[in-house]
Amino acid sequence: MALSPGDGDSGIWSGCAAVSDEGEPLLFYTSASEGDVGRASIRVARPADPELRTRTKGPVVASPQRPETTVFRDPVITRDADTWRMVVGHGDAERTAGAEVFRSADLLTRDYDGLLSTRAAADEPFTGAAWECPQLVRRTHGLDTDLLVVSVWDDDPFHVAASAGTYSEGRFTRGTGSG
């Protein structure tokens, strides 16, 4: 088991791994408290031994920045030129799903950078009231567009939604005719 609840976590959910510029492997994960499992925080865990068999939980590195946020979970970290970007699934009280962005020069200290993309459930019910596990697939291997893939959180069964578009400097713009 990679991580388990305790040490300040009532629940642990999805996250990602990244290797710092200094070569340290880090786990970034969703850390929930009993009071509100949807509006969680993001914590980091560091290796406690050279074989990477145990980890030491570190501090919260990102938390919801908008008061209307009701869902905040599932970080994904990527390198964007000389900046690290963390994208976190989001939902708000108005039933608008999205992904929040944080930027960092060193992988551990973060600044809130706004919303990567959003979609109101009233405008497009298929994309739900919140997104989990946002994945940004950049133009590579002959793709002429970027892709945003999310797990849709709503009252209906969970499902996956994807949209083609353009990513630039922490923002994703959905393409015309994209679902």
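Q: How do you know that strand 6 and strand 7 pair, and do they run parallel or antiparallel?
A: This is a predicted model. In it, seven bridges join strand 6 to strand 7, and the two run antiparallel. Pairing requires at least two bridges, so the seven found here meet the criterion. One of these bridges links His90 to Gly98 in strand 7.

Q: What makes up the hairpin of strand 6 and strand 7, and which residue in the turn has a positive phi?
A: Three residues lie between the two strands, and Arg95 in the turn has a positive phi of about 65°. Arg95 is also in contact with Ala120, a residue of strand 8. Ala120 and Arg95 are 25 residues apart in sequence, yet their C-alpha atoms are 6.1 Å apart in space. Beyond four places in sequence, Ala120 touches Arg95 and Thr96.

Q: How do you know that strand 7 pairs with strand 8?
A: Seven bridges join them, against a requirement of at least two, so strand 7 and strand 8 count as paired. They run antiparallel. Gly98 has Thr118 as its bridge partner in strand 8. Six residues separate the strands in this hairpin.

Q: Why is strand 7 called mostly covered?
A: Eight of the nine residues in strand 7 (residues 96–104) are buried. Each of those eight therefore has under 20% relative accessible area.

Q: Why is Leu107 called buried?
A: The relative accessible area of Leu107 is 0%, and the cut-off is under 20%, so Leu107 is buried. Leu107 lies in the loop between strand 7 and strand 8.

Q: Where does Asp74 lie, and why is Asp74 called buried?
A: Asp74 lies in strand 5. At 3% relative accessibility, Asp74 falls under the 20% limit and so counts as buried. Asp74 also has a positive phi, near 70°, and is a residue other than glycine.

Q: How do you know that strand 5 is mostly covered?
A: Nine of the 12 residues of strand 5 are buried.

Q: How many bridges join strand 5 to strand 6, and what makes them a pair?
A: Nine bridges join the two antiparallel strands. At least two are needed, so strand 5 and strand 6 are paired. Val76 stands opposite Val87 in strand 6. The hairpin has two residues between the strands, and Ala81 takes a positive phi near 60°.

Q: Why does Gly89 count as buried?
A: Gly89 has 0% relative accessibility, and the limit is under 20%, so Gly89 counts as buried. Gly89 lies in strand 6.

Q: Which residues is Gly89 in contact with, leaving aside its neighbours within four places in sequence?
A: They are Val71, Phe72, Arg73, Asp74, Gly98, Trp131 and Pro134. Each of these has a heavy atom within 4.5 Å of one in Gly89, and therefore counts as a contact. The C-alpha atoms of Gly89 and Gly38, 51 residues apart along the chain, are separated by 10 Å.

Q: Which residues of the largest nonpolar core touch the most other members?
A: Phe28, Ile42, Ile77, Met86 and Leu107 do, in a core of 15 residues. Strand 1 (11–19), strand 2 (25–33), strand 3 (36–47), strand 4 (55–62), strand 5 (69–80) and strand 6 (83–92) each supply at least two residues of this core. Strand 6 gives the most, with three. A separate core has 12 residues, including Ala99, Val150, Val152 and Phe172.

Q: Which residues does Met86 touch, not counting residues up to four places away in sequence?
A: Among them are Phe28, Ile42, Val61, Ile77, Phe102 and Arg110.

Q: Which residues lie nearest the centre of the largest pocket?
A: Ser117, Arg119, Trp131, Ser163 and Arg174 do, out of 13 lining residues. The pocket has a volume of about 150 Å³. Strand 8 (111–120), strand 10 (146–153), strand 11 (159–168) and strand 12 (171–174) each supply at least two residues of the lining.

Q: How do the residues of the lining of the largest pocket divide into nonpolar, polar and charged?
A: Six are nonpolar, five polar and two charged. Arg counts as charged, so Arg119 and Arg174 belong to the charged group.

Notes:
Residues are numbered from 1 along each chain as its sequence is written. This is a predicted model: local features need pLDDT of at least 70, side-chain atom pairs count only at pLDDT 80 or more; totals for chains, interfaces and linings use all residues. Side-chain values use heavy atoms; hydrogens and water are left out. A nonpolar core is a set of buried Ala, Val, Leu, Ile, Met, Phe, Trp, Tyr and Cys residues joined through side-chain atoms within 4.5 Å. Buried means under 20% relative accessible area, exposed over 50%, partly exposed in between (1.4 Å probe, protein chains only). Helices (H or I, at least four residues) and strands (E, at least two) are DSSP runs, numbered from the N terminus. On a 1 Å grid over the protein atoms alone, a cavity is a set of points where a 1.4 Å probe fits but cannot get out, and a pocket is an open set with protein on both sides within 12 Å along at least five of seven lines; lining residues have an atom within 4 Å of a point. Grid points are joined across faces, edges and corners, and a volume is the space filled by probe spheres set on the points.
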